[in-house]
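Here's a quick briefing to read alongside the model. Keep the 3D view open and follow along.

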Amino acid sequence: MPSVLSRSGSPETRTSVYQFTVYLPGAVATVFLGIWLSQHGVPADQIGIINALPMLGLLLLNMIVGRLADRADDWRTAIIIISVASALAPIGLYFVSEFWGILLIWSLCSISNGLVPPVIDAATVRMARRNGTDFGAIRVWATVGYVVGVAGIGVALTEWGSGSFIILYILMTVVRALLGFWLPRFRAPKAKSTLAEPELQAVTGTRLRDSLKLWFILPLVAFALVNSSNALIGAFAVLLWNQGGIADVYIGPLLAASAAAEALAMFLWRRFGGKITARNMILAAAIAGLIRFTVMAFDPPVEVLFFVQMLHAFSFGIGYLGVVHFIANWTNEGNAAEAQGFANMLQQGASMLALVAFGFLVEMFGAGAFFYSTLTSSIAIVCVLLSLKLRPPKDAVLPR
């Protein structure tokens, strides 16, 4: 079947279909995992550890896998291998029921699942730039898939309960693995730099470490700090909302609202993307994060939660596009996946620290633990402003 499918559909169409499935396993985990763990007698601080430990694995593996993917004949090969591995890992969930067993198996699930996005996104942005198409219009289907996933899975939570968690998670990973065989080839016949001006190539060089200057790293650190709070939403928000009396019927829509806002931002990005530099997009994400998570710390009613969830359009959607294009502007095709892996390594590291700390903060302060995110978003703002001072945006290539 994969060989027949591969003869039909444009590269953009096939990539969009795969992108639709990228975050479906994550959608299942966002809705079900916290409640499933709680029903297995796992307390909030241990839930934080279960969510954080895979971040350590990703921290160690993202750049290594990215480097291997860059050296492969095509990024498609690496994507298929990772997708298949992520479909096999969750089978072990059927055989565990206590903390250490769950920690081990879920780490394998989360690590294999988390290796997919940086490679497919690095491949997609290079393909889009080479073909003159819109990365945002392709990448948005990952968000659309997540929206559809959390909405449908939210209904499943109400109808079937958390007992359906494992089978739904496995189903989503298997669908994604099968569609991986339909992906097109991504790599150009000959690697070419994406920087518009020769003098900018002298700044970055051909190796990733040549790009790792302070002004380059700071915006990536900034988004990592903001995104660490987005990770807290997936790990703890549903549990906190549930404990705070938010009815189950609102859980799916609340998660879908943030993802829908993100999708809208990506659909509209092309209209203003050429007018705003990548670092200013990351700055907007940090400011939105400061507002969003500070409001959440006051345990607002469901009506306010819907509003702040919409800020995800900026705290993740615009910020993520800024990071992807910032990296693409200042690296080349020979280290694309490794560079994206480096950014993801920073994100995983920040998320790991946040998840561990947040588990203990939730035990002590409940929703007030989100003041942690107020602090990290403030630091993120400072990071971007410092980068802009070190290398003003007039010297940067605007994202196309």
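Is Tyr-320 buried or exposed? Tyr-320 has a relative accessible area of 3%, so it counts as buried. Keep in mind that this is a predicted model.

**Aromatic rings**

- The structure holds 17 aromatic pairs.
- In one of them, Phe-223 and Phe-316 have ring centres 6.0 Å apart and planes at 45 degrees, so we call that pair tilted.
- This pair ties together distant parts of the chain: Phe-223 sits in helix H12 (residues 214-243) and Phe-316 in helix H16 (residues 312-330), 93 residues apart.
- Phe-316 also pairs with Tyr-320: the ring centres are 5.3 Å apart and the planes are at 15 degrees, so this pair is stacked.
- Phe-316 and Tyr-320 are four residues apart in helix H16, which means about one helical turn separates them.
- Phe-223 is buried, at 1% relative accessibility, and Phe-316 is buried too, at 12%.
- Elsewhere, Trp-36, Trp-106, Phe-165 and Tyr-169 make up one aromatic cluster.

**Two packed helices**

- Two packed helices are described by the angle between their axes and the distance between those axes.
- For helix H14 (residues 278-296) and helix H15 (residues 302-310), the angle is about 160 degrees and the axes are 9 Å apart.
- Angles over 145 degrees count as roughly antiparallel, so that's the label for H14 and H15.
- The crossing of H14 and H15 is left-handed.
- On the H14 side, Arg-292, Val-295 and Met-296 make the contact, and they meet Val-304, Leu-305, Val-308 and Gln-309 of H15.
- Those contact residues split into five nonpolar, one polar and one charged.

Notes:
Residues are numbered from 1 along each chain as its sequence is written. This is a predicted model: local features need pLDDT of at least 70, side-chain atom pairs count only at pLDDT 80 or more; totals for chains, interfaces and linings use all residues. Side-chain values use heavy atoms; hydrogens and water are left out. Axes are lines fitted to C-alpha atoms, for helices over the stretch in contact, and angles run from 0 to 180 degrees between N-to-C directions. Helices (H or I, at least four residues) and strands (E, at least two) are DSSP runs, numbered from the N terminus. Angles under 35 degrees count as roughly parallel, over 145 as roughly antiparallel, 65 to 115 as roughly perpendicular and the rest as oblique. A crossing is left-handed if the near helix is turned anticlockwise from the far one by less than a right angle, and right-handed if clockwise. Contact means heavy atoms within 4.5 Å. Ala, Val, Leu, Ile, Met, Phe, Trp, Tyr, Cys and Pro count as nonpolar, Asp, Glu, Lys and Arg as charged, and the others, Gly among them, as polar. Rings of Phe, Tyr and Trp (its six-membered ring) pair if their centres lie within 6.5 Å; planes under 30 degrees apart count as stacked, over 60 as edge-to-face and the rest as tilted. Buried means under 20% relative accessible area, exposed over 50%, partly exposed in between (1.4 Å probe, protein chains only).
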